[in-house]
Amino acid sequence: MSGLISRETIDAVKSKVDIVSVIGEYTRLERRGADWWGCCPFHNEKSPSFHVEPDKNFYYCFGCHAKGDAISFIMEMEKISYPDAVIQLAKKAGVEVKFGAGGQVPEDLRKNQELDQMVDLYGRVASLFHYFLMETDSGKKALDYVTKRGLSPETIKKFRLGYAPSDRKWLKIFLKKKNFSEDFLNKSGLFSSKYPDYAFFSDRLMFPIFNRKDQVVAFGGRVLPPSSEDQRKYLNSGDLPQFKKRETLFGFNFAKKAIRENKKVIFCEGNMDVIAYHQSGLNYAVATLGTAMTEEHIKIIRGFVDTVLLSFDSDEAGQKATVKAILLCRKAGLAVKVIQLSGGKDPAEIMLKYGSQTLTNDVNCAIIDSTFILSKLAKDYPVETSDGKVKAALDFFQYIDALQSDIQKESCLEQLIQTFNLSPEAVRRDFNNREQARERMAGGLNTQVQEIRKVKINSELRVVLAIVADLHQFVQVRNELSVNDFEDPSAKRIFIALEESFRADDLTFLGVLNRCDDKELQELVTKVIEAKEFSATESKVVQDGIRLIKRKKLEKHREKLLNRIRQIKPATVQDEEMLKELLSEKMNIDQKLKQ
């Protein structure tokens, strides 16, 4: 049949490719005699049962019974066809791909050639952006920004940071002069789908995104200060033939060697976090790309690590993401620790202000995940009450369910009992009947117990629902309010969904709806929006709501001040000074409340 890869090519690939090198890209292998062993990349396991025989170009898993040669391994791992796998391995082994009679170029080869051209294009553009950053006046403000953030010239060069010029038309003109076709460029993802002559990235600090082969396959762009409120802080390339967000980790190409050697990985929220860790010598850090951690992300690192360290933001959205990541990692059989940063809001700030050693100390002092979750539950629920203890325990049971070892489960039950001073018999009884207990309490790991249908749409709920009706307003709102300014649990949860969508560059109605963690809450949001209750009044509702929430916050703070003032009985000079400060603060609040 014309167009088939020749037997000569297939035999050459099988004889020349190093199966240990191929599989070693996906899981850590250790030599035992003539053969190699590791944890299977196709299923979760703690003890190595995956066996590779290089002399026979063969692998076999004694756990899931997966078997085959290097070609079948790549087919299964990359989910590609047999010809695609042969072509990919031929490139790796330096084998020329030849085809059968007929002179026809197969569709598989055409697709691979186009993919190669796309990767080549992104590599060229990355070099252009790097040149603009390092060598031009227009890139000076971006270079000043990364220098002020403490990045060294070596780090900037290593990560090939760049600058996308503010002129959005130059890139298309330049690349067409280099003989790239209009049709090819329009499919590249480098240009606006609505205005194809305009570059997707402009006036931004650029982060090339590499695949595991050190090839640039996409970009992330950060807005430079000062920026307007309607600008997204981060933009990432959309999914492309060579790039899938859910299956890619920023920095993995630089980190994979250290990840193998240390048997651990640091997961961060942002590209700058990863770079700061690497510059500080903690070069086993990676980050997801505008998405929450996924099973695909875990699959990338699972074969190399025993422990995952999580370094997410300390705000409500970051803490929620940490809990989700913990459950995902635990279900994959991985140990988890949580890094609690000290002295700064992110790794780059800590590195700049206090030096790399402080960042290293924070990593070395990471707490185990069960301790983190119990501490979070103590803040989320009134654990001084019996109801609060029940709700916290039911939430913690979901973490225990994610553990793979009965010994771990028993140990965590003991930790729960001691932390909240609970009856061992009662805890074990509720754990054994946890589904029925959850139904009674309507609990959930990241949710406050709430009957949504019975909740009256109050002023706080009206604000967040009006924002969902007009999402452009969220940029301004998040600059004036935080999730802690809301008292209503449902309003809090919708605000968190808005914040998560914003951070993931997915600030759309569906993006927010999918991040609402309760079906009834989703129904409430959908019903209100479909009824167009806020049509033409969203802005007024939001502005009035902001003022009301701020006023309630001031009144609450004023009440706390009054309580402190009443408790002070001046007996010393220090007491009198403290009283003066509190009275002065109260007067300032009174003035604001009169406005």
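The legends below describe close-up views of a predicted model.

Local features are taken at pLDDT of at least 70 and side-chain atom pairs at pLDDT 80 or more, while totals for chains, interfaces and linings use all residues. Residues are numbered from 1 along each chain as its sequence is written, and side-chain values use heavy atoms, without hydrogens or water.

**View A. Helices α11 and α14 pack together.**
Helix α11 covers residues 271–279, and helix α14 covers residues 347–354. Helices (H or I, at least four residues) and strands (E, at least two) are DSSP runs, numbered from the N terminus. The α11 and α14 axes lie 7 Å apart, at an angle of about 40 degrees. Axes are lines fitted to C-alpha atoms, for helices over the stretch in contact, and angles run from 0 to 180 degrees between N-to-C directions. The two helices are therefore oblique to each other. Angles under 35 degrees count as roughly parallel, over 145 as roughly antiparallel, 65 to 115 as roughly perpendicular, and the rest as oblique. From α11, Met272, Asp273, Ala276, Tyr277 and Gln279 meet Pro347, Ala348 and Met351 of α14. Contact means heavy atoms within 4.5 Å. The contact residues divide into 6 nonpolar, 1 polar and 1 charged. Here Ala, Val, Leu, Ile, Met, Phe, Trp, Tyr, Cys and Pro count as nonpolar, Asp, Glu, Lys and Arg as charged, and the others, Gly among them, as polar.

**View B. A salt bridge joins Asp120 and Arg124.**
A salt bridge is a side-chain nitrogen of Lys or Arg within 4 Å of a carboxyl oxygen of Asp or Glu. By this rule there are 29 salt bridges. Between Asp120 and Arg124, the N to O distance is 2.9 Å. Both residues sit in helix α5 (residues 107–135), 4 residues apart, about one turn of the helix. Asp120 is partly exposed at 36% relative accessibility, and Arg124 is partly exposed at 46%. Buried means under 20% relative accessible area, exposed over 50%, and partly exposed in between (1.4 Å probe, protein chains only).

**View C. Glu269 and Arg503 form a salt bridge.**
Their N to O distance is 3.4 Å. The pair links distant parts of the chain, 234 residues apart. Glu269 lies in the loop between β10 (264–268) and α11, and Arg503 lies in helix α23 (residues 489–503). Glu269 is partly exposed at 27%. Arg503 is also partly exposed, at 28%.

**View D. Helix α3 has buried residues along one face.**
In α3 (residues 70–78), Ala70, Ile71, Phe73, Ile74 and Met77 are buried. Seen down the axis, these buried residues fall within an arc of 160 degrees, so they line one face of the helix. The arc is that of the directions from the helix axis to the C-beta atoms. The cover over them includes α1 (7–16), α2 (19–23), β3 (50–53), β4 (58–61), α4 (82–93) and α12 (295–302).

**View E. Phe129 is a buried residue of helix α5.**
Its relative accessibility is 4%. Leaving aside neighbours within four places in sequence, Phe129 contacts Gly162, Tyr163, Ala164, Pro165, Trp170, Met206 and Phe219. Phe129 and Met206 are 77 residues apart in sequence and 7.1 Å apart in space, C-alpha to C-alpha.
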